[in-house]
Amino acid sequence: MAITCDYEKQRESYIQKNKALLKELGLDKPKFERKEKPRRKSKSVPRKRVFESEEDDESKPAQKTQRTSVESDVAATGIRRSARNAGKCVDYKSEHHKGTPEPLMRNHKSGNEGQMGSEGGKRTQDPKVFGHIPGIEVGTWWEMREGCSTDAVHAPWVAGISGGPKGAYSVALSGGYEDDVDLGYGFTYTGSGGRDLRGTKNAPKNLRTGPQSSDQSFDHPFNNALLKSVETKKPVRVIRGFKLNSKYAPSEGYRYDGLYTVEKAWTEKGLNPKGYLVCKFAFKRLLGQPPIPIRGDDAEDGQEDEEDEDNQDES
């Protein structure tokens, strides 16, 4: 299909330029790339419902007896007790209040980066560190972004960049800008800020997809963190989400793809009608990490067979 729209022509030229830039970085891509393993969806077991019409249920009289016992407790003491405590003598006045329990979700002073995930409890490690999180291997997968936050790999639930004055700790790839290029072992990334906070007409609450309304700047804290990472070369954790338009994105959920360095930062006119400036960054994956799986639909036929043959030859 011929490209006729000026926007599409500009987008294609940006993509080709970004691809050329990434290839200049000398990305270390493996010869063969494995397909991702399909994930089995957990089957929900429906609860057994008990209908009033089931008169032959032997447990029915017992339930009524318990209910009557509870109602009598309420009438006698004015305190309602659960059915499992029926017949027991419980001294409610002797119970002590131990204070408000700590919630599974917290919001620290640092904003979104302090939020806790809801999958399995509280965060036990600090996400504001450079490098791997102890105990979290490359390739770890989560169903939702909250899991990434709980495991301290990428703290924000929505924002794509997590960083501080010494550099960026992590970034999330979710396909926010159409001219960004993801070659797996290197990618281009557009910075934060400059979007219309009113959202779009079709998605007024989705601020991430709002139109560009002003220039991006390296003065923005997130962009400044990535700019600092260019200078320090401190490693940045990278997660990829299923919304990313890339064969390296997981088909569902979110996956930790290891450590990258930010090799270059620059500004250019973005793909918007008024030509507002955007901050761009080029990432390169560090050597010595497990290969990144690719989506099954994008994998080339026979790659795994050839890899298995090579492994047999070496053995």
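This note goes through salt bridges in a predicted model.

1. Side chains of opposite charge can pair when their charged atoms come close. Under the rule applied here, a Lys or Arg side-chain nitrogen within 4 Å of an Asp or Glu carboxyl oxygen, the structure has eleven salt bridges. Some of them are described below.

2. R11 and E8 form a salt bridge with an N to O distance of 3.5 Å. Both residues belong to helix α1, which covers residues 6-24. Three residues separate R11 from E8, about one turn of the helix. E8 is partly exposed, as its relative accessible area is 32%.

3. Helix α1 also takes part in a pairing with a strand. K17 and E268 make a salt bridge in which the closest N and O atoms are 2.9 Å apart. K17 is in helix α1 and E268 is in strand β6 (residues 254-269), so this pair ties together parts that are 251 residues apart in sequence. E268 counts as buried, at 10% relative accessibility, while K17 is partly exposed at 42%.

4. A further salt bridge links K29 and E33, at 3.8 Å from N to O. K29, at 44%, is partly exposed.

5. Beyond K29 and E33, there is also a network: D182, R240, R255 and D257 are joined into one group by salt bridges that share partners.

Note on methods: Residues are numbered from 1 along each chain as its sequence is written. This is a predicted model: local features need pLDDT of at least 70, side-chain atom pairs count only at pLDDT 80 or more; totals for chains, interfaces and linings use all residues. Side-chain values use heavy atoms; hydrogens and water are left out. Helices (H or I, at least four residues) and strands (E, at least two) are DSSP runs, numbered from the N terminus. Buried means under 20% relative accessible area, exposed over 50%, partly exposed in between (1.4 Å probe, protein chains only).
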